[in-house]
Amino acid sequence: MSMIAAFYGGKSILITGATGFMGKVLMEKLFRTSPDLKVIYILVRTKAGQTTQQRVFQILNSKLFEKVKEVCPNVHEKIRAIYADLNQNDFAISKEDMQELLSCTNIIFHCAATVRFDDPLRHAVQLNVTATQQLLLMASQMPKLEAFIHISTAFSNCNLKHIDEVIYPCPVEPKKIIDSMEWLDDAIIDEITPKLIGDRPNTYTYTKALGEMVVQQESGNLNIAIIRPSIVGATWQEPFPGWVDNLNGPSGLIIAAGKGFLRSIRATPMAVADLIPVDTVVNLTLAVGWYTAVHRPKSTLIYHCTSGNFNPCNWGKMGFQVLATFEKVPFERAFRRPNADFTTNTITSQYWNAVSHRAPAIIYDFYLRLTGRKPRMTKLMNRLLRTVSMLEYFVNRSWEWSTYNTEMLMSELSPEDQRVFNFDVRQLNWLEYIENYVLGVKKYLLKEDMAGIPEAKQHLRRLRNIHYLFNTALFLIAWRLLIARSQMARNVWFFIMRFDFFPSGSLQPRSKV
Ligand SMILES: CCCCCCCCCCCCCCCCCCCCCCCCCCCCCC(=O)SCCNC(=O)CCNC(=O)[C@H](O)C(C)(C)COP(=O)(O)OP(=O)(O)OC[C@H]1O[C@@H](n2cnc3c(N)ncnc32)[C@H](O)[C@@H]1OP(=O)(O)O
Ligand SMILES: NC(=O)C1=CN([C@@H]2O[C@H](COP(=O)(O)OP(=O)(O)OC[C@H]3O[C@@H](n4cnc5c(N)ncnc54)[C@H](OP(=O)(O)O)[C@@H]3O)[C@@H](O)[C@H]2O)C=CC1
């Protein structure tokens, strides 16, 4: 029997960010392995015209939850969606709901965050710092609380090369930042943002670092642990391989490359690609929840959930495998044949952006205009290049994360728990994982049918022929212009023609066979 699964039995668990990528997988695993848990409270806001209930209904009826329904048929009754907006005071939770949360919660998993790299500082501080502070305040009023698990990111200290399982202080105290957001206007905040984030690349990593400081400072008597995952990717094994439902991290770029939009990226092939499957992160998170509640470590432990030092893989190897998978399972209606490449030099990268990205987009928009349609490719390409430029920071560097706590935890688990809550990435076969990831992107993100593969291959063959035709026409035009202008080019041309049309040593034309 799994000790961890048994631990969550009968528990009331509060999850923030349950509608997000990681939150859904966390809920799914909890219900599947501990169907006898008492209740999962989730803080949900309304979004895109959907009520909280509709959002929950949609999640529970998705493919991800198919297995859960077999193990826990009354899952609908065990999930309690509470309307909350983490941007509001007291999260805009009603008095009754707040009372229930305060009196019943046993474990908190705090996953909610804004993961956008370009969020204005005010918004990123509100969600990643102030909301964390408020949640800790709530937690301190929960008499039955056994553990508070905060999800951070391995990149919260990406300005360092070697990162230990400790909290590194930021120069300005989070409380001062929170206060200043109240009275500074947006223009001033925008002006001071680069100074505050310093050598971090964006407001996301900076505010996640501030969030960790808040956790440390406001922990009081709470039993807290922090988990720092690296780049979270599709599921490795559970509930099935390759599940992914958002465009963050590599997923969006896999689509862009597979559809033939992304042809080149400034990345270092030998840099470590510290990807970590989402189910691995969730298994570690649940194990940490159990360990923190049961063993009550004296200080806040930080767990790095990374792959680099256990089972490193580099971007070059990953890129090759992504492209190899496109050969087997191409995406439908590609713009161009997928054939992306890495460049390491900024000037070469700008050259390829002009030649391989912007020029085809302009030509295609010209074609759309000619055929009476609205041009859209240049806009789309500009957006893609902006996204790529934001991700480039992470694909041109390698980091080392120490993993003593994660290894310690692994050794504390029973063999059964190591199997059920496996977070040992040494067992991960990257080539197989990447292939499943690309397949998952096709199936679950693009919602493409496998039956469409022959047609997709046919489409790629057509694109290849158009490509050859286009290149040949371009070459002939260039050559014709050159011959018209240069005597040397004319001489070369006649020299070639002589060899082609006249047998050697003869001036007679070659007879047709
Ligand atoms: C030796 C050998 C050499 C080998 C050579 C081999 C050749 C191989 C070539 C390989 C190429 C193969 C393909 C690629 C395979 C791997 C490539 C590696 C790239 C991996 C990069 C990973 C880096 C991740 C770093 C993560 C570090 C931190 C981790 C975390 O803690 S948090 C999670 C990460 N967070 C994010 O990823 C959020 C990023 N997103 C944003 O910040 C914003 O969305 C934005 C990018 C700034 C865009 O903002 P906008 O306001 O402009 O747009 P909006 O968000 O409204 O979206 C607009 C449309 O764009 C879509 N979209 C959103 N995000 C992405 C995305 N990440 N990628 C693509 N598209 C995205 C969005 O859906 C909207 O679409 P629409 O609705 O249709 O308009
Ligand atoms: N994905 C990754 O690569 C990595 C993620 N992480 C961390 O993991 C955690 C989860 O990330 P992930 O699942 O990928 O992120 P998602 O963007 O998929 O999910 C974010 C969640 O936060 C919720 N949320 C955001 N704003 C509010 C708000 N105002 N009120 C209520 N809820 C809100 C979202 O709700 P809604 O659905 O309503 O928008 C959503 O459920 C985050 O803490 C992130 O920093 C760490 C490393 C890597």
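Which residues does S349 touch, not counting residues up to four places away in sequence? The partners are R266 and T343, where a contact means heavy atoms within 4.5 Å. S349 itself lies in helix α14, residues 346–370. Helices here are DSSP runs of H or I of at least four residues and strands are runs of E of at least two, numbered from the N terminus. S349 counts as buried because its relative accessibility is 7%, and buried means under 20% relative accessible area, exposed over 50% and partly exposed in between, with a 1.4 Å probe and protein chains only.

A quick word on ground rules. This is a predicted model, in which local features need pLDDT of at least 70 and side-chain atom pairs count only at pLDDT 80 or more, while totals for chains, interfaces and linings use all residues. Residues are numbered from 1 along each chain as its sequence is written, chains are lettered from A and ligands numbered from 1 in the order in which they are written, and side-chain values use heavy atoms, leaving out hydrogens and water.

Now for the chain as a whole. The chain holds 20 helices and 13 strands, and its C-alpha trace spans about 100 × 55 × 45 Å along the principal axes. Of the 513 residues, 53% are buried. Among contacts with a separation of 6 or more, 83% are between residues 24 or more positions apart. The accessible surface comes to about 25100 Å², and carbon and sulfur atoms account for 57% of that; the areas come from the Shrake-Rupley method with a 1.4 Å probe, and for residues only the protein chains shown count as cover. As for charge, the chain has 58 positive and 46 negative charges, and their mean positions are 12 Å apart. Lys and Arg count as positive and Asp and Glu as negative, with His and the chain ends not counted; each charge is placed at NZ of Lys, CZ of Arg, CG of Asp or CD of Glu.

UniProt lists residues 357–448 as "domain: Fatty acyl-CoA reductase C-terminal". Over that stretch, residues 357–448, the chain is 65% helix and 2% strand, with the end C-alpha atoms 25 Å apart. The UniProt annotation "transmembrane region" covers residues 466–483. Residues 466–483 are 100% helix and 0% strand in the model, and the end C-alpha atoms are 25 Å apart. UniProt positions are given in the numbering used here, feature names are shortened, and such annotations may be inferred rather than shown by experiment.

Next come the aromatics. Rings of Phe, Tyr and Trp (its six-membered ring) pair if their centres lie within 6.5 Å; planes under 30 degrees apart count as stacked, over 60 as edge-to-face and the rest as tilted. The count by this rule is 22 aromatic pairs. The F7 and Y8 rings make an edge-to-face pair, because their centres are 4.9 Å apart and their planes sit at 75 degrees. F7 is buried at a relative accessible area of 11%, and Y8 is buried at 0%. W430 and Y433 form an edge-to-face pair too, with 5.8 Å centre to centre and 80 degrees between the planes. These two are three residues apart in helix α18 (residues 430–445), so about one helical turn separates W430 from Y433. Both W430 and Y433 are buried. There is also one aromatic cluster made up of F117, F155, Y204, Y393, F394, W399 and W401.

Then there is the backbone. Most residues other than glycine have a negative phi, and most peptide bonds are trans. A48, not a glycine, has a positive phi of about 45 degrees. A48 is in the loop between β2 (39–44) and α3 (52–60), and is exposed with a relative accessible area of 79%. F91 has a positive phi of about 60 degrees, again without being a glycine. F91 is in the loop between β3 (79–83) and α6 (95–104), but is buried at 0% relative accessibility. A cis peptide bond joins E238 and P239, with omega at about -5 degrees; P239 is in the loop between β8 (231–233) and α11 (250–258).

Finally, L137 lies in helix α7, residues 121–139, and counts as exposed at 54% relative accessibility. L137 and L439 are 302 residues apart in sequence and 43 Å apart in space, C-alpha to C-alpha.
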